Amino acid sequence: MAFSLSPSYAYFSPHLIPKTNKSRYSFVIAASSTTNAPLPGRKLRAAVIGGGPAGSSAAEALAAGGVETFLFERSPSTAKPCGGAIPLCMLEEFSIPLHLIDRHVTKMKIISPSNLTVDFGAKTLKSHESIPMLRREVLDSFLRSRAQSRGANLIHALVTAVDLPASSSAPYIIHHTINNSRHTLTVDVVIGADGAHSRVAKSIKAGDYACAIAFQERIKLPDDKMEYYKDLAEMYVGNDVSPDFYAWVFPKCDHVAVGTGTVRSKKDIKQYQRGIRERAKHKINGGKVIKVEAHPIPEHPRAVRVQGRVALIGDAAGYVTKCSGEGIYFAAKSGRICGEGIVKASEGGRRMVSEGDLRREYLRKWDDEYLNTYRFLDLLQKVFYGSNWGREALVELCGDEYVQRMTFDSYLYKKLAEGNRFEDVKMVLKSVSSLVRCKIVGNEMEALKL
Ligand SMILES: Cc1cc2nc3c(=O)[nH]c(=O)nc-3n(C[C@H](O)[C@H](O)[C@H](O)COP(=O)(O)OP(=O)(O)OC[C@H]3O[C@@H](n4cnc5c(N)ncnc54)[C@H](O)[C@@H]3O)c2cc1C
């Protein structure tokens, strides 16, 4: 899951969204610390727990910046359950080579509860634009290798616990097992990039967050059916496929991923999976299920993301956007911002860092850049995904070319789309009238059923 087929991003015109530095998720930012103790004869030591996009990006930035870096990954050969869609800008920003991409999606369809289908992208995407889709095992192993090549020490180990220090300069102790034998490592700074079940978050008592559950089947299709999906992704909305999210058919290297997610009714996830299989049955019939996977998706940033000299990034911090379920780019980006922030605060690994440094150089930068995006997508998910009439209105709006262009500009390039004020106002009015009309029609349909 990744692409937000909603009018959401179109609303991100800077003149419509106020930027605020205040974060409900973070604490007050400490003043800049210029008195960090030097580390004579050694470099700052950092442990990054988790070798997904978040951890590898953090480790690469740390190691390249002169910090002695240890990247822990428990299972380098397995694949994270994921749709594998990334925004176009990630290719350049993170120097992802093109040969890692399995598919370039240029067409999208969004299908409403009443099976109204809107083509999204065919007309609006420019000739050089697409949504790259890749396998996570390929991306993750590439990013880990690159972190290693920049000097990070990759440790194939399961981290079992993190002991907190007794003073502001004492070390953290990382307990880990390698081939069932126990080891420890002492470090100055810890980055928790260990995903939705983060042990690092538990060790600093970062509190829980609400999670959605995502369920996905990898289905190998007969050639003619795979041909249909070769550059096409589909998104289905409706009570039959999810009470609060969307279901998808995404093309992968030689198969499709068919899945759905929900936060409201996790116990019914298999019923919703049957729903998406039913809706897409003519297109996937004859396919063979080759893998079934499920994984939690965080619903919002954690209340605590920095504590002492520990920072959480990626899914461990809760950086998956609502509406789209997109997290790969935000994981990598948070890792890079955090890693570069530590390099800056430690003057290239020559000084100790403090909690204030992590808050200033990482949390504040992250929140300034992205917190409004999370809040706004949260609001849109509530408005458009919560009922069938809201979903009908969503699909109707997605037919609007301006909505499509603004959505692509914001999704593909992760920049606030510079909207046209007149078109923005038109779109807000259109949204309201679609919502009202679909609600009226929905109520009449309900009445007819009685
Ligand atoms: C079904 C599904 C589909 C999705 N589709 C998309 C999509 O198409 N596009 C998109 O952008 N996002 C998608 N997401 C979200 C995306 O997968 C995550 O946001 C992203 O993987 C977060 O990266 P991360 O590095 O923070 O965490 P993860 O990718 O979860 O990586 C954490 C790493 O830490 C390791 N680890 C965990 N605990 C330990 C430990 N104790 N010791 C050592 N290592 C440990 C794990 O093995 C793992 O490699 C999807 C999610 C799901 C569940």
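How do β12 and β16 pair, and over how many bridges? The legends below take this up in turn.

**View 1. The whole chain, a predicted model.** Local features need pLDDT of at least 70, side-chain atom pairs count only at pLDDT 80 or more, and totals for chains, interfaces and linings use all residues. Residues are numbered from 1 along each chain as its sequence is written. The chain holds 13 helices and 18 strands. These are DSSP runs numbered from the N terminus: H or I of at least four residues for helices, E of at least two for strands. Of the 450 residues, 50% count as buried. Buried means that 20 or more other C-beta atoms, placed from the backbone, lie within 10 Å of the residue's own. Among contacts with a separation of 6 or more, 76% link residues 24 or more positions apart. A contact needs two C-beta atoms, placed from the backbone, within 7 Å.

**View 2. The shell around the ligand.** The ligand is surrounded by 41 residues. A residue is near it if its C-beta atom, placed from the backbone, lies within 6 Å. The closest are Gly50, Gly52, Gly83, Gly314 and Gly327. Elements that each supply at least two shell residues include α1 (53-64), β8 (158-163), β12 (211-220), β16 (288-298) and α9 (328-345). By type, the shell has 20 nonpolar, 14 polar and seven charged residues. Ala, Val, Leu, Ile, Met, Phe, Trp, Tyr, Cys and Pro count as nonpolar, Asp, Glu, Lys and Arg as charged, and the others, Gly among them, as polar.

**View 3. Strand β12 and its partners.** β12 and β16 are antiparallel, joined over ten bridges. Strands pair if DSSP finds at least two bridges between them. Cys211 has Pro298 of β16 as its bridge partner. β12 also runs antiparallel to β15 (residues 256-262), with seven bridges. There, Ile219 stands opposite Val256. Seven of the ten residues of β12 are buried.

**View 4. Helix α11 and its contact with α10.** Helix α11 (residues 388-398) is largely enclosed by the rest of the structure, because ten of its eleven residues are buried. Among them are Trp389, Arg391, Glu392 and Glu396. Helix α10 (residues 355-385) packs against α11 at about 110°, with axes 6 Å apart. α10 is therefore roughly perpendicular to α11, a term for angles of 65 to 115 degrees. Axes are lines fitted to C-alpha atoms over the stretch in contact, and angles run from 0 to 180 degrees between N-to-C directions. Val383, Phe384 and Tyr385 of α10 meet Gly390, Arg391, Ala393 and Leu394 of α11. Five of these contact residues are nonpolar, one is polar and one is charged.

Methods. Buried ≥ 20, exposed ≤ 12 C-beta atoms within 10 Å, placed from the backbone. Parallel < 35°, antiparallel > 145°, perpendicular 65-115°, else oblique.
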